[in-house]
Amino acid sequence: DRPALLRQQLRALVMAAKGRPLQVMFPMVAEVSELDRARSLLDRELQAAQRRGEQTPEQIRVGAMVEVPALAWQLDALFERADFLSLGTNDFFQFFFASDRSNPQMTERYDVLSPPPLRFLAELARRCGRANIPLTVCGEIAGQPLEALALLALGYRRLSMAPPSLGPVKAMIRTTDLRHAAEFVTARIAKTEASLRSSLRD
């Protein structure tokens with residue numbers, strides 16, 4: 001909505017990354033055309049920097065946050081444009097369940113370890129792997145050992161979390177047979193409609 005402001009932000013990123021690799025991730029992408037427009041603004045800033053004789057980034061990779069469920073039906077087109085993706089779980093699950101995560105009455109109503117969202121996460125990881133698109137997870141669930149276990153079982157290997165979560169998640173990983181976990185989670189999301197939380201904890 002404010003391309004001039006976005007161009008200023010992109011210009012600052014280009015200037016700050018002179019001679020170094022730069023990764024730019026665009027959030028809240030609902031349609032692939034939005035990523036196209038944002039990428040065109042980045043290209044214009046790169047061209048402007050070159051015309052001014054300024055050093056540009058050594059390498060530029062452009063990615064998108066998967067936060068809007070509509071992207072699930074645009075993955076092939078997204079893979080053609082994005083160098084990497086990051087699943088923004090906080091916003092994604094809010095939209096997935098049509099619930100306001102800032103409302104205390106809603107925060108405990110839907111479980112991210114129930115089969116429907118886990119099936120989507122499994123499909124996203126599978127499709128990204130097949131397309132050779134790096135996929136990370138950003139959001140609160142990556143820093144919770146039980147949820148992180150489910151993510152690892154579904155094939156996720158890049159988890160972003162707050163520093164206090166590193167110890168517990170690392171301890172979980174070092175004591176887990178991921179092959180067994182993958183078989184366990186895959187079998188259950190295909191056969192049950194109940195949350196996997198208690199069975200995973202057990």
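Trainee: Why are H6 and H8 called roughly perpendicular to each other?

Mentor: Set the angle against the cut-offs. H6 and helix H8 (residues 178–191) pack at about 90°, with their axes 8 Å apart. Angles of 65 to 115 degrees count as roughly perpendicular, under 35 as roughly parallel, over 145 as roughly antiparallel, and the rest as oblique. H6 and H8 are therefore roughly perpendicular. Axes here are lines fitted to C-alpha atoms, for helices over the stretch in contact, and angles run from 0 to 180 degrees between N-to-C directions.

Trainee: Which residues make the contact?

Mentor: H6 brings Leu149, Leu152 and Ala153, and H8 brings Leu178, Ala181, Ala182 and Val185. Contact means heavy atoms within 4.5 Å.

Trainee: What kind of model is this?

Mentor: This is a predicted model, where local features need pLDDT of at least 70, side-chain atom pairs count only at pLDDT 80 or more, and totals for chains, interfaces and linings use all residues. Residues are numbered from 1 along each chain as its sequence is written, and side-chain values use heavy atoms, leaving out hydrogens and water.

Trainee: Why is Arg126 called partly exposed?

Mentor: Its relative accessible area is 41%. Buried means under 20%, exposed over 50%, and partly exposed in between (1.4 Å probe, protein chains only). Arg126 is therefore partly exposed. Arg126 is found in helix H5 (residues 115–131). Helices are DSSP runs (H or I, at least four residues), as are strands (E, at least two), numbered from the N terminus.

Trainee: How does the span of H7 compare with the expected one?

Mentor: Helix H7 (residues 163–174) has twelve residues and reaches 17 Å from its first C-alpha to its last. The expected span is 1.5 Å times one less than the number of residues.

Trainee: Which residues touch the most other members of the largest nonpolar core?

Mentor: Leu78, Leu85, Leu121, Leu124, Tyr156 and Leu200, out of 58 residues. Such a core is a set of buried Ala, Val, Leu, Ile, Met, Phe, Trp, Tyr and Cys residues joined through side-chain atoms within 4.5 Å.
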